[in-house]
Amino acid sequence: MGANAANALLFLVTTLFDLALWIYLLRVLLQWSRADFYNPISQAIWKATRYPNDWLRPYLPTVRNINLAAALTLAVLAVIYIYVVIGVLGFSLGPASVLWYAALKLVVLTVNLYTFTIFVQAILSWLGPGVNNPASNILWSLNEPLLRPVRRFLPPMSGLDLSPLVVILLLQVLNRLLPLPGAFR
C-alpha cells in the first residue's frame with residue numbers, strides 16, 4: 001500500500017472510530033451528569049448507543065450514575081481503535097501498551113470533547129443569552145460540573161463569566177501533558 005493510501009485509510013479509520021468513541025463517551029458523560037433524558041439530543045445519543053448496551057445492561061448495572069455497559073463498550077472500542085491504528089501503521093505493541101494507549105486515547109478524547117463543548121456553550125451564550133434550546137440545555141448539563149468549581153474561585157466580573165476560558169486553558173495544558181503519540185490522537 002502506498003503512503004497516500006495508508007494516510008487516507010488512517011484518516012478514515014481514525015475519523016470513524018473518533019465519532020463512535022465520542023457518541024459512547026457522550027452517553028457515559030450525559031448519564032453521569034444527569035442530563036435531561038427527554039432532550040432530543042440525549043434521545044439521539046441514547047438510540048445510537050442502544051446496542052450493545054441493551055444486551056450488556058442486565059450484566060453490568062449503572063453504578064453512581066456511571067453506565068458500566070456503555071463504559072465497557074467505550075473501553076473495548078478504544079482498544080480496537082489502537083489495534084486498528086497500529087495495524088494500518090504496520091507495527092505492533094504488547095497488550096499492556098495497547099491498554100495504556102487506549103486509556104490515554106479516552107482521556108484525550110474526553111479533554112477534547114469538554115474543550116469543544118465549553119467553547120460552543122460560550123459562543124451560544126454570547127449569541128443568544130437566555131435562549132432555551134436543546135443544545136444549550138445539554139451543554140449546560142454536561143459542562144456545569146467542570147465550570148462550577150472555577151466559578152467559586154473566579155466569580156463573574158462585570159457580568160462576564162471567565163470560567164469557560166480558565167477551564168479550556170486548563171484542559172489544553174492537560175492535553176499537552178498527556179504522552180499520547182500523534183498517530184493515536
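This report describes surface, pocket, salt-bridge and backbone features of a predicted model.

## Basis of the values

Because the model is predicted, local features need pLDDT of at least 70 and side-chain atom pairs count only at pLDDT 80 or more, whereas totals for chains, interfaces and linings use all residues. Residues are numbered from 1 along each chain as its sequence is written, and side-chain values use heavy atoms, with hydrogens and water left out.

## Helix H1 and its surface

Leu9, Phe11, Leu12, Leu16 and Leu19 together form a nonpolar surface patch with about 500 Å² of accessible area. Patch members have over 30% relative accessible area and no salt bridge, with nonpolar side chains (Val, Leu, Ile, Met, Phe, Trp, Tyr) joined within 5 Å and like charges within 9 Å; the areas come from the Shrake-Rupley method with a 1.4 Å probe, and for residues only the protein chains shown count as cover.

Phenylalanine 11 belongs to helix H1 (residues 3-32), helices being DSSP runs of H or I with at least four residues and strands runs of E with at least two, numbered from the N terminus. Phenylalanine 11 counts as exposed because its relative accessibility is 59%, given that exposed means over 50%, buried under 20% and partly exposed in between (1.4 Å probe, protein chains only).

On a 1 Å grid over the protein atoms alone, a pocket is an open set of points with protein on both sides within 12 Å along at least five of seven lines, and lining residues have an atom within 4 Å of a point; grid points are joined across faces, edges and corners, and the volume is the space filled by probe spheres set on them.

Its lining comprises 13 residues, of which Leu26, Ile41, Thr117, Ile138 and Leu139 lie nearest the centre. At least two lining residues come from each of H1, helix H2 (40-48), helix H5 (95-127) and helix H6 (134-153). By class the lining has 12 nonpolar residues, 1 polar and no charged ones.

## Salt bridges

The whole structure contains 4 salt bridges, each defined as a side-chain nitrogen of Lys or Arg within 4 Å of a carboxyl oxygen of Asp or Glu. In one of them, the closest N and O atoms of arginine 50 and aspartate 54 are 2.7 Å apart; these residues are separated by about one helical turn, because they are 4 residues apart in helix H3 (residues 50-56).

Arginine 151, partly exposed at 24%, pairs with glutamate 144 at 2.7 Å, N to O, and glutamate 144 is buried at 8%. Arginine 151 also meets aspartate 161 in a salt bridge of 2.9 Å, a pair that links distant parts of the chain, with arginine 151 in helix H6 and aspartate 161 in the loop between H6 and helix H7 (163-177).

## Backbone details

The peptide bond from tyrosine 51 to proline 52 is cis, with omega near 5°, and proline 52 lies in helix H3. Arginine 34, in the loop between H1 and H2, has a positive phi of about 60° although it is not a glycine, and is exposed at 64%. Arginine 64, in the loop between strand S1 (62-63) and strand S2 (66-67), has phi near 50° and is exposed at 77%.

Notes: On a 1 Å grid over the protein atoms alone, a cavity is a set of points where a 1.4 Å probe fits but cannot get out, and a pocket is an open set with protein on both sides within 12 Å along at least five of seven lines; lining residues have an atom within 4 Å of a point. Ala, Val, Leu, Ile, Met, Phe, Trp, Tyr, Cys and Pro count as nonpolar, Asp, Glu, Lys and Arg as charged, and the others, Gly among them, as polar.
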